[in-house]
Amino acid sequence: MDRNKFSAIAHRDHTFYNPISEEKLMKMIGIVSPKPQDKVIDIGAGKCELLIRLVENYQVTATAIELYGGAIEKGKRHASSRIPEGSIKFIVDDATIAVERCEQAGYDLGICIGSTHALGGLEATLQTLKSLVKKNGYILIGEGYWKQTPCTEYLEALGGADESDCKSHAETVKTGEELGLIPLWSYVANEDDWDNYEWLYSSSIENYCHENPNDPDHDAMLQRIRTWRRTYLKWGRDTLGFGLYLYRT
């Protein structure tokens with residue numbers, strides 16, 4: 001079963017690919033309050049909804065980096081009916097390769113929400129964005145954190161994850177501080193935010209399989225999503241958090 005296919009179906013009805021509410025995310029953007037023609041880069045941009053809104057509402061120019069071409073194609077279709085052509089530069093590539101071709105200290109806002117793995121983790125992502133963003137610019141990170149110490153069974157259910165894969169909420173804020181960044185604001189997903197995200201994620205697969213019983217991945221997708229749902233309800237809901245972290249460079 002193709003991982004990108006599964007993710008695209010599971011997220012087909014999500015506006016954003018993370019559990020932070022739309023209200024909290026847009027409030028965070030309002031704190032930044034970009035100016036017209038500000039340059040914004042988003043690493044792991046998905047369907048590019050956030051960048052499209054930044055162009056719509058603030059007239060920025062943007063660069064989207066995303067490994068999965070299918071997500072970028074959706075982003076291009078959405079952008080074509082909403083924003084001027086050329087407002088977003090779409091790059092389909094590995095993030096570590098793509099950022100090498102980006103202008104150092106050339107951006108006013110750097111974004112990476114739920115995709116720090118693409119650059120080697122939280123610290124590496126903050127370091128990369130710090131090099132790409134101008135002095136007194138902004139970095140917006142979305143990252144998972146532990147609400148409590150994860151049990152061994154939960155880590156195994158996540159595919160052999162390690163406790164070191166995430167920090168606490170306070171340690172995540174501190175990581176930016178230790179790199180010379182100034183923390184300005186943070187929001188975290190509450191239980192309703194998580195339930196909205198996870199149940200939509202789950203029901204999208206359930207509904208797709210109901211609608212497409214002859215898909216060759218039908219049984220594998222159902223097994224995967226039902227295992228994931230049980231894992232979320234048994235351990236994840238109480239253990240894994242997700243936060244947005246805004247820093248000034």
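Does Trp-185 count as buried, partly exposed or exposed, and at what relative accessibility? In this predicted model, Trp-185 has a relative accessibility of 44% and is therefore classed as partly exposed, since that class lies between the limits of 20% and 50%. Trp-185 forms a tilted aromatic pair with Tyr-187, with 6.2 Å from centre to centre and 55 degrees between the planes.

Seven aromatic pairs are found in a search of the whole structure. In one of tilted geometry, Tyr-154 and Trp-235 lie 6.3 Å apart, centre to centre, with 40 degrees between the planes; because Tyr-154 belongs to helix H7 (residues 152-157) and Trp-235 to helix H10 (residues 218-239), this pair ties together parts that are 81 residues apart in sequence. Tyr-154 is buried, at a relative accessible area of 3%. An aromatic cluster is formed by Phe-6, Trp-194, Tyr-197, Tyr-201 and Tyr-232, and the charged end of Arg-224 sits over the ring of Phe-6, 4.1 Å from its centre.

Strand E1 (residues 39-43) is mostly covered, with four of its five residues buried. E1 pairs in the parallel sense with strand E2 (residues 61-66) over five bridges, Val-40 having Ala-62 as its bridge partner in E2, and the β-α-β crossover that leads from E1 through helix H3 (residues 49-58) to E2 is right-handed. E1 also runs parallel to strand E4 (residues 107-113), to which three bridges join it, and Asp-42 stands opposite Ile-111 in E4.

The largest nonpolar core comprises 45 residues, of which Leu-54 and Leu-140 touch the most other members. The contacts of Leu-54 include Val-40, Leu-109 and Ile-111.

Technical notes
Residues are numbered from 1 along each chain as its sequence is written. This is a predicted model: local features need pLDDT of at least 70, side-chain atom pairs count only at pLDDT 80 or more; totals for chains, interfaces and linings use all residues. Side-chain values use heavy atoms; hydrogens and water are left out. A nonpolar core is a set of buried Ala, Val, Leu, Ile, Met, Phe, Trp, Tyr and Cys residues joined through side-chain atoms within 4.5 Å. Buried means under 20% relative accessible area, exposed over 50%, partly exposed in between (1.4 Å probe, protein chains only). Contact means heavy atoms within 4.5 Å. Helices (H or I, at least four residues) and strands (E, at least two) are DSSP runs, numbered from the N terminus. Two strands pair if DSSP finds at least two bridges between them. A crossover is right-handed if, with the strands pointing away from the viewer, the path from the first strand over the helix to the second runs clockwise. Rings of Phe, Tyr and Trp (its six-membered ring) pair if their centres lie within 6.5 Å; planes under 30 degrees apart count as stacked, over 60 as edge-to-face and the rest as tilted. A charge sits over a ring if NZ of Lys or CZ of Arg is within 6 Å of the ring centre and within 35 degrees of the ring normal. Lists of a residue's contacts leave out its neighbours within four places in sequence.
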